[in-house]
Amino acid sequence: GTFYGAGVPALLDSGNERVYAVSVMAATPVGGYLAHRWSGHRRFGKGEADLITTGVWVGGLYGLAVPFLAGADEDHGRLYLASAMTGVPAGALLTERVVKGLRINRGRAHLITLGGFMGVAEALSVVDLVDDDAPARAFVWAAALGAPAGAWFGYRLTDGRRHTLGRARMISVGAYAGGLVGQGVAVSLGLGHR
């Protein structure tokens with residue numbers, strides 16, 4: 001709701017700061033109410049809710065990526081905003097459909113999200129290894145393809161296991177620490193970018 005409250009005046013090219021403030025103040029509770037109404041048709045587990053929230057953010061990011069990949073330049077700010085505003089509910093609805101009936105706890109949801117992040121990181125690393133001077137679109141394509149692939153691997157690797165949220169967070173800390181140590185070793189050996 002807050003995002004849409006700020007986004008609608010921007011789409012309408014309003015130069016009045018009060019319009020933005022009033023719009024945000026009005027749209028924030030409306031967004032909460034609409035989410036309440038939308039989710040009232042069935043009971044969501046905490047893990048499902050976490051994944052749907054992640055799906056909202058990812059949908060917004062895909063919304064930003066689509067115009068860029070289609071060739072829109074930076075001068076099309078309203079196109080990017082409208083696309084992100086379309087991606088937010090699309091991400092929520094798609095994620096809700098995907099997780100429906102899966103009974104995913106919060107720990108597993110956290111690890112599925114981690115898989116998505118790792119998929120992005122791995123895909124970006126592959127593009128960087130293949131071509132040091134790859135165009136920005138190659139990196140965006142890699143991230144767009146790596147995120148769902150990584151999330152799928154996260155889902156498959158946690159299948160049949162019950163992870164607590166605490167354990168999932170510790171696994172995430174280990175993954176991020178491993179990435180940092182790997183970068184540190186590469187820089188220490190002079191293998192980093194010059």
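Is S23 buried or exposed? At 18% relative accessibility, S23 counts as buried, where buried means under 20% relative accessible area, exposed over 50% and partly exposed in between, computed with a 1.4 Å probe on protein chains only. The model is predicted, so local features need pLDDT of at least 70 and side-chain atom pairs count only at pLDDT 80 or more, while totals for chains, interfaces and linings use all residues. Residues are numbered from 1 along each chain as its sequence is written, and side-chain values use heavy atoms, with hydrogens and water left out.

View 1. S23 is found in helix α2, helices being DSSP runs (H or I, at least four residues) that are numbered from the N terminus. Leaving aside its neighbours within four places in sequence, S23 is in contact with G5 and P9, contact meaning heavy atoms within 4.5 Å. Helix α1 covers residues 2–11, and its buried residues are G5, G7 and P9. These buried residues of α1 pack against α2 (17–39) and also against α4 (77–99).

View 2. Most residues other than glycine have a negative phi. D13, although it is not a glycine, has a positive phi of about 60°, and its place is in the loop between α1 and α2. With 58% relative accessibility, D13 counts as exposed. R103 is not a glycine either, and its phi is positive at about 50°; this residue is found in the loop between α4 and α5 (106–130). R103 is exposed, its relative accessible area being 77%.

**View 3. The packing of helices α3 and α6.** Two packed helices are described by the angle between their axes and the distance between the axes. Helix α3 (residues 46–69) and helix α6 (residues 136–157) pack at an angle of about 140°, and their axes are 10 Å apart; such axes are lines fitted to C-alpha atoms over the stretch in contact, and angles run from 0 to 180 degrees between N-to-C directions. On the side of α3 the contact is made by Y62, A65, F68 and L69, and on the side of α6 by residues including R137, V140, W141 and P148. The residues of this contact divide into 11 nonpolar, no polar and 1 charged. R137 lies over the face of F68, at 4.8 Å from the ring centre, a placement that requires CZ of Arg (or NZ of Lys) within 6 Å of the ring centre and within 35 degrees of the ring normal.

**View 4. The aromatic pair of W152 and F153.** A search of the whole structure finds 3 aromatic pairs, in which rings of Phe, Tyr and Trp (its six-membered ring) have centres within 6.5 Å, with planes under 30 degrees apart counted as stacked, over 60 as edge-to-face and the rest as tilted. One of them is formed by W152 and F153, which are edge-to-face, with 5.1 Å from centre to centre and 75° between the planes. F153 counts as partly exposed, at 48% relative accessibility.

View 5. L79 is found in helix α4, where it is partly exposed, with a relative accessible area of 45%. When its neighbours within four places in sequence are left aside, L79 is in contact with P67 and A72. L79 and G63 are 16 residues apart in sequence, and from C-alpha to C-alpha they are 9.7 Å apart in space.

Technical notes: Helix = DSSP H or I, 4+ residues; strand = E, 2+ residues; numbered from the N terminus. Nonpolar A, V, L, I, M, F, W, Y, C, P; charged D, E, K, R; others polar.
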